[in-house]
Amino acid sequence: MTTVGLPAASPTAFGTARLLGGVTHGGRADLTTHRRVHGPQHHRTLDELAADASRVRLLGRGGAAFPVATKLAAVPVGPRTQVVVNGSESEPASRKDRTLMTLTPHLVLDGALAVARALRTTHVTIAVHDEAAYASLRAALEERTRREPVTGRVDLHRQPAGFVSGEVRAVLRGLDGGPAVPPSRRTLPSVSGLHGAPTFASNVETFAQVALLISLGPAEYAAVGDPEEPGTTLLTLLGDTRTRGVVEVPTDLPLDALVPGEGGPVLLGGYHGRWVHDVVGRTAARPGLRAAGLPLNAGVVARLPRDVCALAEVTAVARWLAAQSAGQCGPCLFGTAAAARDVGELLRGRAAPAVEARVAGLVRRGACAHPDGTAAFVASALEALPDELAEHRRHGTCGRPYGGVLPLDGAG
Ligand code: SF4
């Protein structure tokens, strides 16, 4: 397989590159390469595209893993409808979407334009804050203007960085000139999204998967991967894993092929994800993970090395998550900060008797998923790290240093 711009794993371990097809030695696939690998752009009617997406059980590749066919069916067809590619990738530990935008921008554009054509609209907007991704998409649009005129209008927008700024409703609000924070009312984008119009919004990998589905056809698309979620997916690996960075894997790949042997605890799904002791018996397919209470979200898999303090890593991220609150919902603003303080007390070996109630009190208390995600991150750490907690309780420290394995600034 091909990995990009990152240390390579065993080249044969993870199967054939699809999303990353045409990417060699970390180089960007230009329009010529893209067309050689994926062929000319074909379009599908809405019914055809929804049927194909349903046949391969295509799920969104952001946080919610919503079925693409259902989302397509929920958006009205017509020229007012908007298509929004959420390229904000606000999860600091994730690099997959900016990898796609930077190295395979034409696959993302093919997918977005195909969705727009199926919905019979010409309005495509891409929100992105990463400069390299922005420049690559801009260059891709210029290539197309010269070589094969774009069949719709594609607007590239710079989006402010920030964890909650990547939530889809925050993105839409920012695109409309407002603050890039989630609105207090939970309105579905399919009903009222960009400019108040019905909007099909999804993350970057989802659109790339749509392009791949059209290019391969559903039978070939589904020839690899888990029957519950066929195909491949992108993961970002960090810490003590077989390789680090962005990898494309068939969805039925056992995760212990990526996170082998004995080691520290594993974080699945990033900073709104869950801590587990190990990943034995788990694959990269979202349905199976979700059924086990383990959302894969943006596809982050992090394994802490044994020689760093896991509780210090958890505390650093909990503090960072508290600082990300947009400050407009009281339980989120005060509750995430209090939970982070409690975790800090546990790190020092002190008691924090209210921590579990504090975390439980965050659930469903905000206008967005930030309090729930923070609660899941902290609660699962308390469950998955009993030995580390006991060590800190007994000695005030585990003696291992903070490693800074989990990045805190990647959203910027
Ligand atoms: S829950 Fe938190 S992050 Fe979400 S909108 Fe409210 S204050 Fe902002």
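Because the model is predicted, local features are reported only at pLDDT of at least 70 and side-chain atom pairs only at pLDDT 80 or more, whereas totals for chains, interfaces and linings use all residues. Residues are numbered from 1 along each chain as its sequence is written, and side-chain values rest on heavy atoms, with hydrogens and water left out.

**Domains and their contact**

The protein chain is divided into domain 1 (12-225), domain 2 (234-303) and domain 3 (310-395), with bounds that come from an automatic or database domain assignment. The centres of domain 1 and domain 3, taken over C-alpha atoms, are separated by 33 Å. Their contact (heavy atoms within 4.5 Å) takes 12 residues from domain 1 and 9 residues from domain 3. Between them these two domains bury about 800 Å², 63% of it on carbon and sulfur atoms; buried area is the accessible area (1.4 Å probe) that two parts lose on being put together, summed over both. Phe-163, Val-164 and Arg-186 supply 55% of the area that domain 1 buries against domain 3, more than any other three residues.

Across this interface of domain 1 and domain 3 the rule finds 0 salt bridges, a salt bridge being a side-chain nitrogen of Lys or Arg within 4 Å of a carboxyl oxygen of Asp or Glu.

Helices (H or I, at least four residues) and strands (E, at least two) are DSSP runs, numbered from the N terminus, and buried means under 20% relative accessible area, computed with a 1.4 Å probe on protein chains only.

Ala-208 lies in helix H8 (residues 204-216) and is buried, with a relative accessible area of 0%. Leaving aside its neighbours within four places in sequence, Ala-208 is in contact with Leu-19, Leu-100, Leu-107 and Val-108. Ala-208 and Arg-55, by comparison, are 153 residues apart in sequence and 17 Å apart in space, C-alpha to C-alpha.

Terms used. Buried means under 20% relative accessible area, exposed over 50%, partly exposed in between (1.4 Å probe, protein chains only).
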